Amino acid sequence: MTGLEKITDKINSDSNIRCSEIAALAQKQSEKTDADAKEKGMKLASEIEAAAKEECDNIIRIAKSGAVQQSRQTLLSARVEAVSETLAGLVTALKALDDDKYFATVIKLAVENAMKGKCTAFLNAKDNARLPASFGNDLITALAAKGAECVLSADNADIGSGVILDYGNICIDCSFEAIVEENSDYYKEKISEIIF
């Protein structure tokens, strides 16, 4: 073997060793890069999964809260409707009283709401047509005890029930509808206590 061949073999041998070292180092770096990428991928996937779970939990929490709110709103609406129907039924029941009780109630409302002074009492057309014979005197006597000088008019008032007391500059609406409306908060509270 000549000197040149020995040098060439040595270069080739050194080159092969160096190539093997470089290939091993490249393989090692490739494996590390791959492991780092997998680790980062797993970490990112875990973060995405946690964020998605949190978002799902928030959506579920909001949906449950909305359902509870809707349920409360529905219950409240049902209660308001029940109370309103009961108030309407109260007026209907008062209007449906037999004549003796009906007109006794009209007198009672007039006395409770009357003021001292001269007034004219007005009933609706239906009530004027079915007045008991003693109603006028009973009303006048009851109001006189309260200090009101009353005259019962034959003219009809535009009300559904009850009586209007006209003092000239002041009219007191003693219709069942007006009394129930005026005291609706009290009645609503009492009705709510009874039915709920």
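1. A residue counts as exposed when its relative accessible area is over 50%, as buried when that area is under 20%, and as partly exposed in between. I start with this cut-off because it decides how Lys38 is read: at 54% relative accessibility, Lys38 counts as exposed. Please keep in mind throughout that this is a predicted model.

2. Lys38 has a partner in Asp34: their side chains meet in a salt bridge, with N to O at 3.7 Å. Both residues belong to helix α1 (residues 3–95), where they sit four residues apart, about one turn of the helix. Asp34 has a relative accessible area of 40% and is therefore partly exposed.

3. How many salt bridges does a search of the whole structure find? The search gives six. As background, side chains of opposite charge can pair when their charged atoms come close.

4. A second pair worth a look on your screen is Glu177 with Lys95, a salt bridge whose closest N and O atoms are 2.8 Å apart. This pair links distant parts of the chain, since Glu177 lies in helix α5 (residues 176–182) and Lys95 in helix α1, 82 residues apart. Glu177 is partly exposed at 28% relative accessibility, and Lys95 is partly exposed at 33%.

5. Now to Arg130 and Asp127, which form a salt bridge with the closest N and O atoms 3.0 Å apart. Is Asp127 buried or exposed? Its relative accessibility is 1%, so Asp127 counts as buried. Arg130, with a relative accessible area of 21%, is partly exposed; the cut-off for buried is under 20%.

6. Turning to helix packing, helix α2 (residues 99–113) packs against helix α4 (residues 135–144) at an angle of about 25°, and their axes are 9 Å apart. Angles under 35 degrees count as roughly parallel, so α2 and α4 are roughly parallel to each other. Their crossing is right-handed.

7. Which residues make this contact? From α2 come Phe103, Val106, Ile107, Ala110 and Val111, and they meet Phe135, Asp138, Leu139, Ala142 and Leu143 in α4. By class, the contact of α2 with α4 holds nine nonpolar residues, no polar ones and one charged residue.

How values were computed. Residues are numbered from 1 along each chain as its sequence is written. This is a predicted model: local features need pLDDT of at least 70, side-chain atom pairs count only at pLDDT 80 or more; totals for chains, interfaces and linings use all residues. Side-chain values use heavy atoms; hydrogens and water are left out. Axes are lines fitted to C-alpha atoms, for helices over the stretch in contact, and angles run from 0 to 180 degrees between N-to-C directions. Helices (H or I, at least four residues) and strands (E, at least two) are DSSP runs, numbered from the N terminus. Angles under 35 degrees count as roughly parallel, over 145 as roughly antiparallel, 65 to 115 as roughly perpendicular and the rest as oblique. A crossing is left-handed if the near helix is turned anticlockwise from the far one by less than a right angle, and right-handed if clockwise. Contact means heavy atoms within 4.5 Å. Ala, Val, Leu, Ile, Met, Phe, Trp, Tyr, Cys and Pro count as nonpolar, Asp, Glu, Lys and Arg as charged, and the others, Gly among them, as polar. A salt bridge is a side-chain nitrogen of Lys or Arg within 4 Å of a carboxyl oxygen of Asp or Glu. Buried means under 20% relative accessible area, exposed over 50%, partly exposed in between (1.4 Å probe, protein chains only).
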